[in-house]
Amino acid sequence: MNSKLLSKVGIKTVVGLSILLFVLITLFTGQYHSVSDGFNIYGFPFTFYQTTSGKCGECNLANWFDKLYFIIDLVLCFLLTWLIVKLIKYSRTI
């Protein structure tokens, strides 16, 4: 019964958990130094967003967002979550 339930909502569960994992990893691995004229840096394992609120001559070059690294980070979180769900399903069948 549990395997049928997990197979029906499996993709929704994986997507929801991977978004949650992505948010948690981004929050916990982010570097928040813009208060002291530094940078806020987000993304793990690839940095996809950097911003600063400090005084600088070329601030438009210091603030950037990389779509490719953002997508790669999302896909890695999805794959990790999918693997964990598969391992949980497999361990329940043993």
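Predicted model: local features only at pLDDT ≥ 70, side-chain atom pairs only at ≥ 80, totals over all residues.
Two strands pair if DSSP finds at least two bridges between them.

**View 1. Four strands make an open sheet.** The order across the sheet is E1-E2-E3-E4. Pairing is antiparallel. Strand E1 (31-32) and strand E4 (64-65) stand at the edges. Each has a single partner strand, so one side of each lacks a neighbour in the sheet.

**View 2. Strand E2 pairs with strand E3.** Strand E2 covers residues 40-42, and strand E3 covers residues 49-51. Three bridges join these two strands. They run antiparallel. Look for Ile 41, which stands opposite Gln 50 in E3.

**View 3. Asn 40 contacts the backbone of His 33.** Asn 40 lies in strand E2. Its relative accessibility is 13%, so Asn 40 counts as buried; the limit for that label is under 20%. The Asn 40 side chain reaches the backbone nitrogen of His 33 at 3.3 Å.

**View 4. Tyr 32 and Tyr 42 form an edge-to-face pair.** A search of the whole structure finds nine aromatic pairs. In the pair shown here, the ring centres of Tyr 32 and Tyr 42 are 5.6 Å apart. Their planes stand at 65 degrees, so the pair is edge-to-face; planes over 60 degrees apart get that label. The pair links distant parts of the chain. Tyr 32 is in strand E1 and Tyr 42 in strand E2, ten residues apart. Is each tyrosine buried or exposed, or partly exposed? Tyr 32 counts as partly exposed, at 40% relative accessibility. Tyr 42 is buried, with a relative accessible area of 18%.

**View 5. Ring pairs build an aromatic cluster.** Its members are Phe 22, Tyr 32, Tyr 42, Phe 48, Tyr 49, Phe 65 and Phe 70. Tyr 32 and Tyr 42, the edge-to-face pair, both belong to this cluster.

**View 6. A cis peptide bond sits between Phe 44 and Pro 45.** Omega is about 5 degrees. Phe 44 lies in the loop between E2 and E3. Pro 45 has its place in the loop between E2 and E3 as well. Phe 44 is partly exposed, with a relative accessible area of 48%. Follow the chain from Phe 44 to Cys 56, twelve residues along. The C-alpha atoms of these two residues are separated by 26 Å.

**View 7. Seven nonpolar residues form a surface patch.** They are Phe 46, Leu 68, Tyr 69, Ile 71, Val 75, Leu 76 and Leu 79. Two of the members are picked out in the next view.

View 8. Where is Leu 79? Leu 79 lies in helix H4, residues 67-93. Ile 71 also has its place in helix H4. Leu 79 is partly exposed, with a relative accessible area of 44%. Ile 71 is partly exposed too, with a relative accessible area of 48%. From Ile 71, trace the chain to Ser 91, 20 residues along. The C-alpha atoms of Ile 71 and Ser 91 are separated by 30 Å.

Notes
Residues numbered from 1 in each chain as written. Heavy atoms only, no water. Patch = residues over 30% accessible without salt bridge, like charges linked within 9 Å, V, L, I, M, F, W, Y side chains within 5 Å. Areas by Shrake-Rupley, 256 points an atom, 1.4 Å probe, with all protein chains shown as cover. Salt bridge = Lys/Arg side-chain N within 4 Å of Asp/Glu carboxyl O. Buried < 20%, exposed > 50% of the residue type's maximum accessible area, 1.4 Å probe, protein only. Phe/Tyr/Trp six-rings, centres within 6.5 Å; stacked < 30°, edge-to-face > 60°. Polar contact = N/O pair within 3.5 Å; in protein donor to acceptor, adjacent residues only side chain to side chain.
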